[in-house]
Amino acid sequence: MYRDLQWSPAEKKIARKAYDSAVECALAKVMVEFKSRAVAAATPSEMWEVGEYLHQQRRELDEMFDYRYSQLPFVFARLIREQHLDEALLAGLSDEKRQVIRSILSLAER
């Protein structure tokens with residue numbers, strides 16, 4: 001059902017803009033935390049912990065951001081839930097797609 005959604009050219013542009021906005025938001029949050037940890041690092045082991053933090057964040061972001069159209073409803077739901085994306089940026093997507101995203105969100109809240 002979710003994977004059979006058809007995306008119009010206009011919806012693809014909206015989706016790309018929302019996706020890119022979420023990527024920027026997520027990276028900005030990681031950058032703030034990285035800078036805070038880097039400034040606080042006072043020992044070699046703390047320096048390596050900063051490196052591990054970045055490595056872990058990269059893995060999580062690589063997992064979170066998947067631009068395949070079949071995955072976008074799941075991706076957008078997660079991004080909204082994790083506060084990387086404002087649902088208002090999805091205005092212009094079909095009601096069906098927005099409802100799919102909302103249903104995924106409601107399932108995740110249970």
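**Basis.** The model is predicted; local features need pLDDT of at least 70, side-chain atom pairs count only at pLDDT 80 or more, and totals for chains, interfaces and linings use all residues. Residues are numbered from 1 along each chain as its sequence is written, and side-chain values use heavy atoms, with hydrogens and water left out.

**Overall fold.** The protein has four helices and zero strands. Helices (H or I, at least four residues) and strands (E, at least two) are DSSP runs, numbered from the N terminus. The order of elements from the N terminus is α-α-α-α. The radius of gyration is 17 Å, well over the 13 Å that the globule rule gives for 110 residues, so the protein is more spread out than a compact globule. That radius is taken over C-alpha atoms, and the rule is 2.2 Å times the number of residues to the power 0.38. The C-alpha trace spans about 55 × 30 × 20 Å along its principal axes.

Of the 110 residues, 32% are buried. Buried means under 20% relative accessible area, exposed over 50%, and partly exposed in between (1.4 Å probe, protein chains only). The protein exposes about 7,300 Å², and carbon and sulfur atoms supply 54% of it. These areas come from the Shrake-Rupley method with a 1.4 Å probe; for residues, only the protein chains shown count as cover. Among contacts between residues at least 6 apart in sequence, 69% join residues at least 24 apart. Contact means heavy atoms within 4.5 Å.

In soluble globular proteins, nonpolar side chains tend to be buried together. Here the largest nonpolar core has 26 residues. Such a core is a set of buried Ala, Val, Leu, Ile, Met, Phe, Trp, Tyr and Cys residues joined through side-chain atoms within 4.5 Å. Phe65, Phe76, Leu79, Leu85, Leu90 and Ile101 have the most contacts inside this core. Each of α1, α2, α3 and α4 supplies at least two of its residues. Beyond four places in sequence, Ile101 is in contact with Pro73, Phe76, Ala77, Ile80, Leu90 and Leu93.

Helix α3 (residues 72-81) is largely enclosed by the rest of the structure, because seven of its 10 residues are buried. Those residues are Leu72, Pro73, Val75, Phe76, Ala77, Leu79 and Ile80. Their cover includes α1 (9-40), α2 (44-64) and α4.

**Trp7.** Trp7 lies in the segment before α1. Its relative accessible area is 10%, so Trp7 is buried. Beyond four places in sequence, Trp7 is in contact with residues including Tyr69, Leu72, Pro73, Phe76, Leu93 and Lys97. The C-alpha atoms of Trp7 and Leu93 are 8.6 Å apart, although 86 residues separate them along the chain.

**Charged side chains.** Side chains of opposite charge can pair when their charged atoms come close. The structure holds eight salt bridges. A salt bridge is a side-chain nitrogen of Lys or Arg within 4 Å of a carboxyl oxygen of Asp or Glu. The table gives some of them.

| Salt bridge | N to O distance |
|---|---|
| Asp20 – Arg16 | 3.2 Å |
| Arg68 – Asp66 | 2.5 Å |
| Glu82 – Arg81 | 3.9 Å |

Salt bridges that share partners join Glu63, Arg78, Arg81 and Glu82 into one network. Asp20 and Arg16 both lie in helix α1, four residues apart, about one turn of the helix. Asp20 is partly exposed at 32% relative accessibility, and Arg16 is partly exposed at 34%. Asp66 is buried, at 19%.

Arg98 lies in helix α4 (residues 95-109). Arg98 is buried yet has no salt bridge. The nearest side chain of opposite charge is Glu87, 4.1 Å away. Lys and Arg count as positive and Asp and Glu as negative; His and the chain ends are not counted. Beyond four places in sequence, Arg98 touches Glu87, Leu90, Ala91 and Leu93.

**Gln83.** Most residues other than glycine have a negative phi, and most peptide bonds are trans. Gln83 has a positive phi of about 60 degrees although it is not a glycine. Gln83 sits in the loop between α3 and α4, just after α3. Its relative accessible area is 63%, so Gln83 is exposed.
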